[in-house]
Amino acid sequence: MEPPAVPAATFERRVVRSGAEHHYLRVRLELPDGGARPNVAQFKQLVVSALRELHGEVGAALPVDVLTYEEKTLSAILRVISSGLVKLWSALTLLGFYQNRRCAFRVLQVKPCGGWTASPVCQFSL
Amino acid sequence: MAGFADLSLPQGLDKKSLQSLLEAAAHLGYSAVALNHVVDFKEKKQEIVKPVSPSELFPSLPIVQGTSKRIKVLTRLTLVVSDPSHCNLLRSTSANIRLYDIIAVFPKTEKLFHIACTTLDVDLVCINVTEKLPFYFRRPPVNMAIDRGIYFELLYSPAIKDSTMRRYTISNAISLMQICKGKNIVISSAAERPLELRGPYDVANLGLLFGLSESEAKAAVSTNCRATILHGETRKSACGVVYTVKKPRKVEEEETPLPACKKAKTQA
């Protein structure tokens with residue numbers, strides 16, 4: 001007697017060709033001296049001025065949003081369109097001064113979109 | 001995957017700031033750093049001193065974040081050469097030079113760049129980023145250097161300090177990339193303070209700005225640095241190998257005084 005026919009396994013594959021529209025960066029500004037900490041507006045201005053210094057007016061016009069900002073730890077989550085990721089990241093890396101005080105941007109995590117559980121690039125603890 | 005390395009930390013600082021630099025590098029994820037001792041031959045009476053052993057300077061090395069190993073500290077010597085007679089030091093077997101893990105040369109003229117790429121026994125050739133290059137890169141010496149396993153080094157901390165330096169860094173890097181097509185590049189900081197250090201992925205992104213592809217940019221911080229370190233290690237080991245091979249000889253044909261080439265033809 002033949003065993004009952006097992007239906008062939010079916011699966012459906014969905015390919016998303018559009019890719020991620022936005023990239024999210026978790027950054028922290030290191031400002032070791034005990035001076036005044038920037039508020040969210042000054043932080044956004046700092047990011048835009050870093051872009052302008054390195055990439056000019058076109059870079060400063062890049063749509064960057066500060067999604068969250070914590071003044072106590074100076075950490076923020078930025079959102080930028082995916083084509084502008086390299087420009088924003090390099091501008092933050094090469095920024096050296098804030099109001100004539102030495103500072104450094106530490107990029108902690110970069111995500112194409114969605115949750116923060118898995119990062120293809122890097123993960124550092126704060 | 002090769003760990004990240006930063007091959008240029010200035011050595012002339014005091015112990016406390018060096019310790020804070022090391023801790024910052026370990027916190028950012030670098031598995032190896034090299035303490036750079038710069039010797040400039042323009043000043044008179046420069047002697048190559050023995051490298052300070054890292055184990056003497058730092059009794060306890062910080063642990064690299066993300067792994068459980070301690071950061072590795074190497075010693076590096078950079079020779080700033082502006083005259084061909086300065087290169088004689090490299091050819092002589094000075095005992096002190098051999099004690100350094102990595103040897104780099106900083107050529108100031110085109111002729112010296114050519115000599116450094118083709119004949120000198122070094123691991124790294126430093127590319128000037130603080131001023132406009134006085135010469136153009138040409139393809140033959142660069143290709144020879146790539147074949148020999150020599151890497152070109154770019155620094156990024158002058159770009160953080162000053163905007164004019166930023167322009168020179170990027171323009172010199174782009175002209176180098178056009179000739180070498182992104183191969184054999186090492187990007188390192190010359191950070192004097194912990195705030196001038198940047199994380200390895202940030203530096204890899206800077207490589208994208210210079211014109212490298214993504215994989216080449218990441219290799220500039222990890223794989224190529226490891227290759228440089230290994231190249232330095234091969235210099236410490238044997239200079240050449242002689243091996244003997246037993247060649248079979250037929251006894252009957254020994255008395256004929258034919259030269260070896262004719263002997264082979266008659267044997268067939």
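This is a predicted model: local features need pLDDT of at least 70, side-chain atom pairs count only at pLDDT 80 or more; totals for chains, interfaces and linings use all residues.
The axes of helix H9 (residues 214-221) and helix H10 (residues 223-236) of chain B come within 3 Å and cross at roughly 40°. Helices here are DSSP runs of H or I with at least four residues, strands are E runs of at least two, and both are numbered from the N terminus. Axes are lines fitted to C-alpha atoms, for helices over the stretch in contact, and angles run from 0 to 180 degrees between N-to-C directions.

Residues are numbered from 1 along each chain as its sequence is written, chains are lettered from A and ligands numbered from 1 in the order in which they are written, and side-chain values use heavy atoms, with hydrogens and water left out.

Now find the sheet of chain B. This open sheet has seven strands in the order S1-S2-S3-S4-S5-S6-S7, with parallel pairing; two strands pair if DSSP finds at least two bridges between them. Strands S1 (4-10) and S7 (185-188) of chain B stand at the edges with a single partner strand each, so one side of each is left without a neighbour in the sheet. From one strand to the next, the twist averages 30°. Strand S5 (residues 124-126) and strand S6 (residues 151-155) of chain B pair over three bridges, and Leu124(B) has Tyr151(B) as its bridge partner in S6(B). Helix H7 (residues 163-180) of chain B lies across S6 and S7 of chain B, at about 160° to S6(B).

Chain A has an open sheet too, with four strands in the order S2-S3-S1-S6 and antiparallel pairing. S2(A) is joined to strand S3 (residues 75-81) of chain A by six bridges, and Asp65(A) stands opposite Arg79(A) in S3(A).

Side chains of opposite charge can pair when their charged atoms come close. A salt bridge here is a side-chain nitrogen of Lys or Arg within 4 Å of a carboxyl oxygen of Asp or Glu. Glu30(A) forms one with Arg106(A), with the closest N and O atoms 3.0 Å apart. Glu30(A) lies in strand S1 (residues 22-30) and Arg106(A) in strand S6 of chain A, so the pair ties together parts that are 76 residues apart in sequence.

Finally, look at where the chains meet. The contact takes 23 residues from chain A and 19 residues from chain B. About 2,000 Å² is buried between the chains, 59% of it from carbon and sulfur atoms; buried area is the accessible area (1.4 Å probe) that two parts lose on being put together, summed over both. Leu94(A), Arg102(A) and Arg106(A) lose the most area in chain A, together 31% of what that side buries. Two salt bridges are counted between chain A and chain B, and Glu53(A) and Arg166(B) meet in a salt bridge of 3.1 Å, N to O.

Definitions and conventions: Contact means heavy atoms within 4.5 Å.
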